[in-house]
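Good morning, colleagues. Please look at the chain on the screen while I go from its overall figures to a few selected sites.

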Amino acid sequence: GGRRGGGWRGGVTLARGGRQVLKTFAQAVSTTLKNAQVYAEMREHGEAKAYEAEHDSLTGLGNRILLHERADRALAAAAVDGTQCALLIIDLDHFKEINDTLGHAAGDLFLQEVGRRLIGALPHADAVCRLGGDEFAVLLGGLPSPASADVVAAKLLEVLSEPVLFDGLRLSIEGSVGIACYPQDVGDFTELLQRADVALYQAKDARGSFFHYQVERDASSVQRLALAAELRLALARDELVVHFQPQYDLSGGRVVGAECLVRWQHPQRGLLQPGDFISVVEHSGLIRDFTLAVLDKGVAECATWARAGRRLTIAVNLSARNLLDKQLPQDVSGVLARHGLAADQLILEITETTMMSELDVVESVLGQLRAMGVQLSVDDFGTGYSSLAFLQRVQVNEVKIDRSFVNGLGASDNDRALVRATVQLAHSLGARCVGEGVETREQYDVLVSLGCDYAQGYHLGRPGPADAVRRVIGLSYDGIPRPRVEVEVRHLRAVAECAAPVAALGS
């Protein structure tokens with residue numbers, strides 16, 4: 001056709017060859033456009049994946065991968081210009097309680113707010129990262145001296161101290177900071193991270209503080225970190241051992257139960273006592289598995305007694321962290337069912353330090369345990385802060401008088417008055433009273449005169465392995481009943497002598 005006025009006069013007719021060329025050209029253009037779109041999407045996807053690989057999805061902060069990359073550059077720069085590069089690791093205090101009590105929504109808000117505050121306080125930091133859970137890291141390069149990092153740490157703790165608002169509640173943020181510097185403290189990033197962790201562990205002993213790595217204190221801290229790792233293996237290898245201390249009815253001198261006291265049969269160090277490792281358990285993520293292991297062993301032994309006709313109780317100590325675990329009632333129920341032990345034969349002991357929290361989750365957990373029939377005991381009564389307030393809120397079956405008061409019964413009128421008042425208080429609440437740490441006949445007699453119900457201590461029986469307590473209650477080593485013999489209290493010490501004295505779990 002022809003053109004008129006700069007346009008086509010009408011339709012254009014192409015020959016067959018021309019139509020094929022045009023069709024091929026159109027397909028090529030279409031394919032090119034589609035490929036361009038796919039390539040753009042792949043590039044965006046790749047960039048997104050690369051970002052995700054180096055950043056925390058919740059807070060938007062960097063993660064360990066990003067920290068490592070940035071640290072390599074910062075350490076290289078410090079080696080050239082002679083400055084210091086500092087790594088600060090921040091761990092939030094009481095975050096688990098907030099998460100367990102108010103839910104993950106509150107916990108997520110908490111973590112996001114911490115991230116914003118760290119970025120806001122240190123906009124020029126080489127890296128601000130979330131390492132996982134409630135642990136964060138700040139990398140600072142180009143510092144004139146290690147003391148500069150201490151100034152930053154103090155600033156961060158101040159920034160974090162401002163409360164976070166959640167559903168009308170003012171939630172307090174507190175943290176601990178561990179600091180290590182290159183090249184003063186370390187030679188590479190791996191050592192930098194490790195020693196900042198060591199410093200953090202030391203800082204957490206005095207919550208809400210910062211601690212700069214000190215080589216002279218490293219040996220003990222590294223040993224404790226190593227012990228935590230070994231504890232995981234100990235649980236897997238079943239290296240925990242439970243000893244039992246018998247408890248007696250003061251009105252008749254008969255064994256009514258026993259308390260579980262945990263030991264660790266370490267393959268290299270021998271039999272470790274609670275004081276050697278309990279604090280490590282408390283500061284690690286092993287407390288649930290650890291408690292369940294002790295609980296399982298204690299309940300299994302008590303079930304053996306029950307099958308042999310000795311219906312006694314078994315007492316197991318709990319930590320504060322256990323009571324913040326909503327899974328605890330289900331865990332306890334599972335252990336009881338597995339060994340066929342009645343719930344009222346299990347006594348869970350909690351200390352006054354545990355009770356200081358007014359969190360609803362604690363009352364909920366205790367309420368569920370009581371509803372199951374499990375007995376609750378207040379351990380070390382009189383040494384804490386909020387005993388009466390707690391007893392007003394939670395019904396207990398037993399109150400245990402701390403050994404510090406029992407020790408003074410023979411010489412101190414004040415201790416005698418306090419023990420008498422505690423016995424009367426327990427009875428008025430419908431609970432029995434137990435005297436701990438009875439080491440002399442005089443202490444035993446005074447407890448009897450004051451109306452105390454039960455007692456335990458070296459005068460009556462030292463802690464020992466299962467076979468020792470089986471002999472005391474009239475069972476053979478394999479749990480087969482022997483002829484029942486009622487043993488008078490004055491003879492019990494000779495019968496029950498076994499293991500060396502140690503403190504109870506959690507004491």
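Predicted model: local features only at pLDDT ≥ 70, side-chain atom pairs only at ≥ 80, totals over all residues.

The accessible surface of the chain comes to about 24300 Å², and 52% of that area belongs to carbon and sulfur atoms. Areas here follow the Shrake-Rupley method with a 1.4 Å probe, and for residues only the protein chains shown count as cover. Residues are numbered from 1 along each chain as its sequence is written, and side-chain values use heavy atoms, with hydrogens and water left out.

The chain has 19 helices and 18 strands; these are DSSP runs numbered from the N terminus, helices being H or I with at least four residues and strands E with at least two. Of the 507 residues in the chain, 48% are buried. By buried I mean under 20% relative accessible area, with exposed over 50% and partly exposed in between, for a 1.4 Å probe and protein chains only. Among contacts between residues at least 6 apart in sequence, 68% join residues at least 24 apart, a contact being heavy atoms within 4.5 Å.

I turn now to the aromatic residues. How many aromatic pairs does the structure hold? There are four. Rings of Phe, Tyr and Trp (its six-membered ring) pair if their centres lie within 6.5 Å; planes under 30 degrees apart count as stacked, over 60 as edge-to-face and the rest as tilted. The rings of W264 and F277 have centres 5.8 Å apart and planes at 90°, so this pair is edge-to-face. It links distant parts of the chain, with W264 in strand β11 (residues 255-266) and F277 in the loop between β12 (270-272) and α8 (278-282), 13 residues apart. Both W264 and F277 are buried, and the relative accessible area of F277 is 0%.

F277 also pairs with F290: their ring centres are 6.1 Å apart and their planes at 65°, so this pair too is edge-to-face. Because F277 lies in the loop between β12 and α8 and F290 in helix α9 (residues 287-307), the pair ties together parts that are 13 residues apart in sequence. F290 counts as buried, at 2% relative accessibility. Together, W264, F277 and F290 form one aromatic cluster.

Let us follow F290 into its helix. With 21 residues, α9 reaches 30 Å from its first C-alpha to its last, close to the 30 Å expected at 1.5 Å a residue; the expected span is 1.5 Å times one less than the number of residues. Buried residues in α9 include I287, F290, V294, L295, G298 and W305. Just after α9, G309 takes a positive phi of about 90°.

Next, the strands. Seven of the nine residues of β5 (residues 135-143) are buried, so this strand is largely enclosed by the rest of the structure. Strand β3 (residues 84-92) pairs with β5 in the antiparallel sense over seven bridges, where two strands pair if DSSP finds at least two bridges between them. Strand β4 (residues 127-132) also runs antiparallel to β5, joined to β5 by five bridges.

I close with some individual sites. R432 belongs to strand β17 (residues 432-435) and is buried, with a relative accessible area of 18%. Leaving aside residues up to four places away in sequence, R432 touches I347, Q375, N397, E398, V399, A426, D453 and Y454.

D379 is found in strand β15 (residues 375-381) and is buried at 2% relative accessibility. D379 and I401 are 22 residues apart in sequence, and their C-alpha atoms are 7.2 Å apart in space.

H459 is in the loop between β18 (454-455) and α18 (466-472), and at 9% relative accessibility H459 counts as buried. Finally, the charged end of R462 sits over the ring of Y458, 4.4 Å from its centre; the criterion is NZ of Lys or CZ of Arg within 6 Å of the ring centre and within 35 degrees of the ring normal.
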